[in-house]
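Here is my note on the model you sent.

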Amino acid sequence: MEWVLRQTTAAHFPGFNPRFGYTEKFQAEARRIVATAFYPAVARMRSGQVTAQRMVEAIDPFSESPAESNCRFHLIALNLTGFEQQIEVRDNKGFIARVDFLNEQARTILAVDGTEKYALVGPSLIRREGEQHNRLLSLGYKVIHLSFDDVLRLNDFRDKIFTQVPELKQMVGSPDE
């Protein structure tokens, strides 16, 4: 569903390139698409409306891969609040990176790493991301690197993030939030 939402939203912005970030107009268009296409489809369902409604309420156009979608849904399943997606981080030297997930309060970044990009780009990307990582650490961020395997199963995801940053447990909201 997130992939469909992302593709449909991007189609409304000729020349859209996620490398340049996301505008408020992009998010607003995604919300419009959800309201005009997804919710009416849920309303027409004969069964499973409650589950479908919850899924539609949770989708977002910022997941750039299935692994990021899984990560996002695990955050929702754990009621882990405060994470924003695709956020630019800067220091006094300027732009560092657009990170997959950022929880500013916990100073924690979740980086969903795919191995494919390293095979395609090679050592220069590894070196550049190493420099980015060091700059993020110097700003006081904790960076949790997640592989696709880490985000496949909720228990593995939970164990990894809470082991690496135990204070995230304090950010778990109530199911009613």
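1. What share of the contacts in the protein chain with a separation of 6 or more comes from residues 24 or more positions apart? The figure is 56%. Keep in mind that this is a predicted model.

2. The secondary structure comes to seven helices and four strands. Along the sequence, the pattern reads α-α-α-α-β-β-β-α-α-β-α.

3. The protein chain has 177 residues, and a compact globule with that number would have a radius of gyration near 16 Å. The chain has 17 Å, which agrees. Along its principal axes, the C-alpha trace spans about 50 × 40 × 30 Å.

4. Of the 177 residues, 39% count as buried.

5. Now charge. There are 22 positive and 23 negative side chains. The centres of the two sets lie 3 Å apart.

6. Look next at helix H3, residues 49–58. Ala52, Val56 and Ala58 are buried there. They cover an arc of only 165° around the axis, so they sit on the same side of H3. In general, an α-helix has 3.6 residues a turn, so residues three or four places apart point the same way.

7. Which exposed residues does the face of H3 turned away from its buried side carry? They are Val50 and Arg54.

8. What covers the buried residues of H3? The cover includes helix H1 (2–10), helix H2 (24–43) and helix H4 (66–77).

Conventions:
Residues numbered from 1 in each chain as written. Predicted model: local features only at pLDDT ≥ 70, side-chain atom pairs only at ≥ 80, totals over all residues. Heavy atoms only, no water. Helix = DSSP H or I, 4+ residues; strand = E, 2+ residues; numbered from the N terminus. Rg over C-alpha atoms; globule rule 2.2 N^0.38 Å. Buried < 20%, exposed > 50% of the residue type's maximum accessible area, 1.4 Å probe, protein only. Contact = heavy atoms within 4.5 Å. Lys, Arg positive; Asp, Glu negative; His and termini not counted. Charge placed at Lys NZ, Arg CZ, Asp CG, Glu CD. Arc of directions from axis to C-beta.
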